[in-house]
Amino acid sequence: MMQEILYKETPTLHRNGKSPKEQITYLQKQHHMEDVYLGACLESCRWGGEISIMYEMNTEEMKDFIQNWMQQNKKHLDMLWLTPRMHSFFEHLALPYINHDSCPLGEHEGIIKDHAGRERCGYQSRKEGLLDVCYEVISEKNTILPLEMVIDRLKLKSKGSVYKDYLQFPFDGWTLAAYAKKWHEQGALIRTSI
Ligand SMILES: [Zn+2]
């Protein structure tokens, strides 16, 4: 299987006895992630296995972690999200965009754009005598998804409060790095199309 070949050659960053949480703190110190693949960094500070992982971070902290890595690697950023082999493997990975042809809530007519450029449903109805606009998001295709939103949409939604400040994902740290790369690329794509 291609995935097995891919991961056999994967560089590993060892924690050297640190807990995942200590590793998160350690990596964010100056130069500690320099010239290290984001995927390897994200793999070294997680709990769990290949199909489900957990970080002792909330969404905001994960965003800061990824941005810290970007800061440490700004000179060679494009080469360091993933290994060269993984670039083609994850090429068709899609960000968790909403992209419908029409309103998902019903046979509603009319599309309006909000200030961020999202297409929303403009269907109007009367509720208790007041005019109500549906406003459901139909498509985000011409907008840039913020990193927090990407993380929030990818994470597993857990019931109860035990894991409130933890993030869980149904894939490994390399895949999370691939999503972060896609997030970063959407800015470049929109900038070049203007
Ligand atoms: Zn609607």
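When I say two residues are in contact, I mean that their C-beta atoms, placed from the backbone, lie within 7 Å. With that in hand, take Leu 38: leaving aside its neighbours within four places in sequence, Leu 38 is in contact with Trp 69, Leu 80, Trp 81, Ala 177 and Ala 180.

Quick housekeeping. This is a predicted model, so local features need pLDDT of at least 70 and side-chain atom pairs count only at pLDDT 80 or more, while totals for chains, interfaces and linings use all residues. Residues are numbered from 1 along each chain as its sequence is written.

Okay, the core. A nonpolar core here is a set of buried Ala, Val, Leu, Ile, Met, Phe, Trp, Tyr and Cys residues joined through C-beta atoms within 7 Å, and buried means 20 or more other C-beta atoms within 10 Å of a residue's own, again placed from the backbone. The largest one has 30 residues, and Leu 38 is among those touching the most other members, along with Cys 41, Met 62, Leu 82, Ala 177 and Ala 180. Which helix gives the most to this core? That's α8, with 6 residues. By helix I mean a DSSP run of H or I, at least four residues, and by strand a run of E, at least two, numbered from the N terminus.

Now α4, residues 59-72. Its buried residues are Met 62, Phe 65, Ile 66, Trp 69 and Gln 72. They sit on the same side of α4, because they cover an arc of only 125 degrees around the axis, taking directions from the helix axis to the C-beta atoms.

Key:
A residue is buried if 20 or more other C-beta atoms lie within 10 Å of its own, exposed if 12 or fewer, and partly exposed in between; C-beta atoms are placed from the backbone.
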